[in-house]
Amino acid sequence: MMVDENSTGIWVIGEEKEGKLAPVTLELLTIGRQLADSLRQELVVVIIGHQLEHMSRLLVDYGPDKILLVAGEETRYFIPETYSEVLSALVEQRKPFAILFPATYDGRDVAARLAAKLGVGLAADCTDLKIDEAGRFVQVRPAFGGNLMAVIHQPTARPQLATLRPRMVKPNKSGRKVSPSVEYIKPRISAKPFTKSLLRTVREVAEESGNLDEAEVVIGVGRGIGSSENMRIVNHLATLLKAAIGGSRGVVDAGWLPHTQQIGLTGRVISPKMYMALGISGAVQHLVGVRTAKEIIAINKDPEAPIFKVATFGIVADMFSVIPLLAKELEPPAPQTT
Ligand SMILES: Cc1cc2nc3c(=O)[nH]c(=O)nc-3n(C[C@H](O)[C@H](O)[C@H](O)COP(=O)(O)OP(=O)(O)OC[C@H]3O[C@@H](n4cnc5c(N)ncnc54)[C@H](O)[C@@H]3O)c2cc1C
């Protein structure tokens, strides 16, 4: 789709699962509101799913001008082919200027399919979206393994598509007094949009390790843990810290954590408030996944380990002597007996 001067509106594609709104939707609305205000365009949020009546109540405080709820039996389950077809029809009809997706598994999947359908580019995995001094919408993302930040602007094709990593902005209520309009749309799907059938849905295998995208504290486990049996002490620490557990590729390759929990270039990119790296050397491919963590605490017995170059706090020690001390400090006091 080439440049169309009539393309207008910042669209946020929200994420909903089993009736719950993913927090990243509110982050996208916060940044979307800033973009829409700077460009004097309207902010539209689109949610695709099944029963969505309660969604507008959850979205309204975050400043959308319009809420589009695409609800129907056809979109009850997340099927990327269906979702991208629904979106592509809406986009062709309404011609937005830019579309923001969350850089989650689902968001990435649909964004890439939509870009291909529309014949436009996609700035994937952005860490910032803003209007530059020249008034252009620019997308910022790490490039070359995180060694430089690329600033991307698309002068011709519309809409401009971007995925934004979770936790890049704090969700902010807009304080606007204007009520958004709410529109219900029936999904329109062609007779045979895809060749797969959904037989059943399964939950992520690593549920007990927590959600790496949403957790404020993440413990990263490296090969220094030595064996899967030793994960026990990490699990205990994670419970005390209310942390999710991820790990290096070394640990995933060893089978001590499932692939869903791998952090880094070929795994997940996370942005927790605190990342605690236990027995992780800090290879560049791992660090790409944690460079936007607010604080990094590293425990490693090698004082030369590269992880210490990026750590806010570093402890040079054997993790097996430090973790029990930390756990003891964090454990709630035993009830007093009289
Ligand atoms: C194309 C490509 C993609 C990759 N993608 C990823 C990726 O997505 N994610 C990723 O993590 N890696 C990735 N890697 C692999 C990466 O290069 C490293 O090999 C990997 O991150 C190392 O994992 P590690 O730090 O757990 O292990 P190691 O490098 O073996 O480090 C173990 C660390 O534990 C410390 N240690 C040992 N015992 C203890 C103890 N008792 N107490 C405290 N410290 C201890 C050691 O001093 C050492 O620093 C990729 C590599 C390539 C080539």
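The exercises below concern backbone geometry and the nonpolar core of a predicted model.

Residues are numbered from 1 along each chain as its sequence is written. In this predicted model, local features need pLDDT of at least 70 and side-chain atom pairs count only at pLDDT 80 or more, while totals for chains, interfaces and linings use all residues, and side-chain values use heavy atoms, without hydrogens and water.

**Exercise 1.** Determine where Arg-40 lies and whether Arg-40 is buried or exposed.

Solution. Step 1: Arg-40 belongs to the loop between helix 1 (24-39) and strand 4 (43-49); helices (H or I, at least four residues) and strands (E, at least two) are DSSP runs, numbered from the N terminus. Step 2: its phi is near 55°, a positive value in a residue other than glycine. Most residues other than glycine have a negative phi. Step 3: Arg-40 has a relative accessible area of 79% and is therefore exposed (over 50%, 1.4 Å probe, protein chains only; buried is under 20%, partly exposed in between).

**Exercise 2.** State which residues touch the most other members of the largest nonpolar core, and which element supplies its largest share.

Solution. Step 1: a nonpolar core is a set of buried Ala, Val, Leu, Ile, Met, Phe, Trp, Tyr and Cys residues joined through side-chain atoms within 4.5 Å. Step 2: among its 29 residues, Ile-10, Leu-29, Ile-47, Leu-59, Leu-100 and Leu-129 touch the most other members. Step 3: helix 1 provides the largest share, 7 residues.
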